[in-house]
Amino acid sequence: MNNYIIELIIYLIIFLFSAEIILQALVGWLKISFQWLITKKDEFPINNQNEIDQFIKKNFSENTGWDRKVNSEGFEYLNGIKTFFKISSDGYRENENNFENAKVAVFGDSYAFCRYVNNNETWENFLEKNTGIITKNYGVGNFGIDQAIMKYFNCNIDKSTKLIILAFVPETIARIHSYWKHYLEFGNKFGFKPKYSLEKNKLIKIPNVLDQNSTVQSLKNNTSFIKKNDIFYKKKFIPLMFKFPYLLTYFKFFSRNNTIFSNLLIFHILKKINNKKAKKFYNNAYSKIVKDNIKDSYKMYEDIKYTQLFEILINDFKEKLLSKNRKLLLLIMPQLYDVKNAKYEKLSYQIFFEKIKKNFNILDLTDDFKNFPNYEDFFLEDKYGGHLSAKGNMFVADLLNNKIKKTLENI
């Protein structure tokens, strides 16, 4: 081997070593403000007992993992606009009607709850106005349908209620397989929840590891159990974790990391000089996370080992409702990225819901949004993929009017 080749190898080693040191430092700096960059330290990021106690006091639910507290109220900001919500003593979101003896009850995620709009701007409120049919909103942000069902069985539902609507985004397929949301949504460190698993096609409920008396140490002692029961630890968390050599992780997911790192660097530079466009680049990085999560959920709808739990869970709920003379409506509410993707092809979740439609009462709103000329006006611009605006909620209520009336007539 001649001196030139030896010298070249030495320079290459020095370059790779320097690049590794720089990347490690960069990851350590950027992850301070961006929870989706993870390292070995993030396998168990809980180290403050006071944080656990505060979460238990404000958000913890023994039945579902988290929930809005009864008799509570609050507000949220988006794009400089402040919106308000109020939770009743029975756990539903109040609106301007405040009717009793509801015929319809809605359970689901933030698209059921209607984030970033006021109490009188939810689609449930507009549905009541349109039809005169009293509808109570029990939605909770970031719920999977498993948690929505768990909440139903722990609510004091009016005897007059004849229709239960499960309203959810397609990404719920991932949420029902999650046990600790931190492994699916990095940084959601108190997102512990109960979950269902299947044993010989029978639903088995795995209880939440977090309880009223949890400590940092007790949770840490349960990490092996959590990893065993959460598919995303091996499926997502470990592959995306930066570990030595960091360069290998970076290039293994080059497109993802290149988008995130470039936008975050621009964000920090613009923020340093007080440029108003800085936030746009942070949201670009976050947008990459949201898009990847949605695409990952599409793949899960193509695999029976994931859809089987979904189908059995829904069927079990439907049968239990029928025994109480109640019907179930599955309302699929697409996120903005779902609608944009549906413009180019029929999505895997649409195919799945069409396939099971013969067994369930289903209303998938994807094509309704897609076929509307200015559908983007129905979504708020937010980093979570676009929640519905008041105008979007009106659109949903209009689509539901006849469906709700016909379903109730047949009960």
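The legends below describe close-up views of a predicted model. Residues are numbered from 1 along each chain as its sequence is written, and side-chain values use heavy atoms, without hydrogens or water. Local features need pLDDT of at least 70 and side-chain atom pairs count only at pLDDT 80 or more, while totals for chains, interfaces and linings use all residues.

**View 1. The largest nonpolar core has 91 residues.** A nonpolar core is a set of buried Ala, Val, Leu, Ile, Met, Phe, Trp, Tyr and Cys residues joined through side-chain atoms within 4.5 Å. Buried means under 20% relative accessible area, exposed over 50%, and partly exposed in between, with a 1.4 Å probe and protein chains only. The members touching the most others are Phe 34, Ile 46, Phe 107, Leu 166, Phe 261, Phe 310 and Phe 353. Helix 12 (residues 278-300) gives the largest share of this core, 10 residues. Helices (H or I, at least four residues) and strands (E, at least two) are DSSP runs, numbered from the N terminus. Another core, of 32 residues, lies apart from this one, and Trp 123 and Leu 363 are among its members.

**View 2. Phe 353 and its contacts.** Contact means heavy atoms within 4.5 Å. With neighbours within four places in sequence left aside, Phe 353 is in contact with Phe 168, Tyr 301, Phe 310, Ile 332 and Ile 362.

**View 3. Helix 5 (residues 145-152) beside helix 13 (residues 304-322).** Eight of the eight residues of helix 5 are buried, so this helix is largely enclosed by the rest of the structure. The buried residues include Asp 146, Gln 147 and Lys 151. The axes of helix 5 and helix 13 come within 11 Å and cross at roughly 20°. That makes helix 5 roughly parallel to helix 13. Axes are lines fitted to C-alpha atoms, for helices over the stretch in contact, and angles run from 0 to 180 degrees between N-to-C directions. Angles under 35 degrees count as roughly parallel, over 145 as roughly antiparallel, 65 to 115 as roughly perpendicular and the rest as oblique. Ile 145, Asp 146, Ile 149 and Tyr 152 of helix 5 make the contact with Phe 310, Leu 313, Ile 314, Phe 317 and Leu 321 of helix 13.

**View 4. Helix 11 (residues 254-272) packs against helix 12.** The angle is about 160° and the axes are 7 Å apart, and the two helices are therefore roughly antiparallel. Residues of helix 11 in this contact include Arg 256, Ile 260, Phe 267 and Lys 271, and those of helix 12 include Phe 281, Tyr 282, Ile 289 and Asp 292. Asn 274 is in the loop between helix 11 and helix 12. Although not a glycine, Asn 274 has a positive phi of about 60°, and Asn 274 is exposed, with a relative accessible area of 69%.

**View 5. Helix 1 (residues 3-30) packs against helix 11.** Their axes are 12 Å apart, at an angle of about 65°. Leu 23, Leu 26, Val 27, Trp 29 and Leu 30 of helix 1 meet Phe 261, Leu 264, Leu 265 and His 268 of helix 11.

**View 6. Backbone features at Pro 245 and Lys 200.** Most residues other than glycine have a negative phi, and most peptide bonds are trans. A cis peptide bond, with omega about -5°, joins Phe 244 and Pro 245. Pro 245 is in the loop between helix 9 (232-240) and helix 10 (246-252). Lys 200, not a glycine, has a positive phi of about 55°.
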